[in-house]
Amino acid sequence: MRGLAGKVAIVAGGARGIGAATARRLAEEGASVVIGDMLVDLARGVADSIVAAGGKAIAVDLDGTSAESQAAIVQSALDSFGRLDIYHSNLAGGTEGDIDALNCPIEVLEKSFAINTKSHFLATQAALPVLLENGGGAMLYTSSGAAANGAAWQVAYPMTKNSIHALARHVAQKWGKKGIRANVICPGLVLTEAASVHLTDEFREQGLKAIPHTRLGKSEDIAAAIAFLASEDGEWVNGQVWHVNGGTLKRD
Ligand SMILES: NC(=O)c1ccc[n+]([C@@H]2O[C@H](COP(=O)([O-])OP(=O)(O)OC[C@H]3O[C@@H](n4cnc5c(N)ncnc54)[C@H](O)[C@@H]3O)[C@@H](O)[C@H]2O)c1
């Protein structure tokens, strides 16, 4: 892909799954990667494997819900690699106890808000001034098909994920003229460690039946889309919400 070699990227929530695959893909394309996660030992393992393969990466302990921690990871990118060009805000969580609107405790909604909405806002506040100073850069956010498909069994996760779409459109509209691009990826069902824990064989079979494709998703499918949006090949894509899901959910 054009324009990733020599760039510096943060992948927040990059210790495993989609984030780890994205960190690896960006490094393969020649970017230096700062992997932030609260699972810092796993993040270190990903960084070590990138370095062993000849790439450049470090791991940083990140609490995405803290402004100080978000500022610190941006500073780590500047200290270790001298610049920042790409911030992929990928982390998510807080889905335990998230049932329907009548049964989801307020604490669960608040936790989901902190992880799935506030962290992306704080990431934007931390990274954007540096990207603007550079003359441009890419903000990328991982949302979910769940933000759009009206699940009956969950309320906080889709609500809080959907708010990211508004954030990205705001950033794109406000700072596009200054060289900032902000885009969202909504994965469909991707067989990561986190997703697999909740998947029964029956659910997996039903998912495969429902999808107009030969297989369910892999982390690398999402990483490829993120790398494209971060690269110069994606330079005219701004303020968009892309569904990468093998065709399960079709949107204009
Ligand atoms: N796997 C799927 O089927 C699927 C589908 C739709 C959307 N998504 C989205 O894709 C992204 C990655 O999903 P995944 O399946 O790889 O999940 P994952 O749980 O493996 O990845 C999320 C990462 O974020 C980290 N994290 C969570 N809260 C954090 C915090 N406060 N501070 C720092 N790190 C934190 C976790 O430790 C984890 O490493 C998430 O945003 C998820 O909502 C996944």
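View 1. Helices (H or I, at least four residues) and strands (E, at least two) are DSSP runs, numbered from the N terminus.

Two notes apply to every view. Residue numbers start from 1 along each chain as its sequence is written. The model is predicted: local features need pLDDT of at least 70, side-chain atom pairs count only at pLDDT 80 or more, and totals for chains, interfaces and linings use all residues.

**View 2. The whole chain.** The protein chain has 8 helices and 7 strands. Its radius of gyration is 17 Å, close to the 18 Å that the globule rule gives for 252 residues, so the chain is as compact as a globular protein of that length. The radius is taken over C-alpha atoms, and the rule is 2.2 Å times the number of residues to the power 0.38. The C-alpha trace spans about 45 × 40 × 35 Å along its principal axes. Of the 252 residues, 46% count as buried. Buried means 20 or more other C-beta atoms within 10 Å of the residue's own, exposed means 12 or fewer, and partly exposed lies in between; C-beta atoms are placed from the backbone.

**View 3. Strand 4 and its two partners.** Strand 4 (86-89) is covered on both faces. Ile86 and His88 on one side, and Tyr87 and Ser89 on the other, are all buried. Strand 1 (residues 8-12) runs parallel to strand 4, joined by 4 bridges. Val11 stands opposite His88 there. Strand 5 (residues 137-142) is also parallel to strand 4, again with 4 bridges. In this pair, Ile86 faces Ala138. Strands pair if DSSP finds at least two bridges between them.

**View 4. The largest nonpolar core.** This core has 71 residues, and Ala23, Val33, Ile35, Met139 and Ala230 touch the most other members. Helix 8 (residues 219-230) supplies the largest share, 8 residues. Such a core is a set of buried Ala, Val, Leu, Ile, Met, Phe, Trp, Tyr and Cys residues joined through C-beta atoms within 7 Å. Beyond four places in sequence, Met139 contacts Tyr87, Thr124, Ala127, Ala168, Val171, Ile180 and Ala182. Contact means C-beta atoms, placed from the backbone, within 7 Å.

**View 5. Val190, a buried loop residue.** Val190 sits in the loop between strand 6 (180-187) and helix 6. It is buried because 23 other C-beta atoms lie within 10 Å. Beyond four places in sequence, the contacts of Val190 include Ile18, Ala195, Gly217 and Ile222.

**View 6. Loops at either end of helix 3.** Ser66 lies in the loop between strand 3 (56-61) and helix 3. Ser66 is partly exposed because it has 14 C-beta neighbours inside 10 Å. Gly82 is in the loop between helix 3 (67-81) and strand 4. Gly82 counts as exposed because it has 9 such neighbours inside 10 Å.

Notes:
Two residues are in contact if their C-beta atoms, placed from the backbone, lie within 7 Å.
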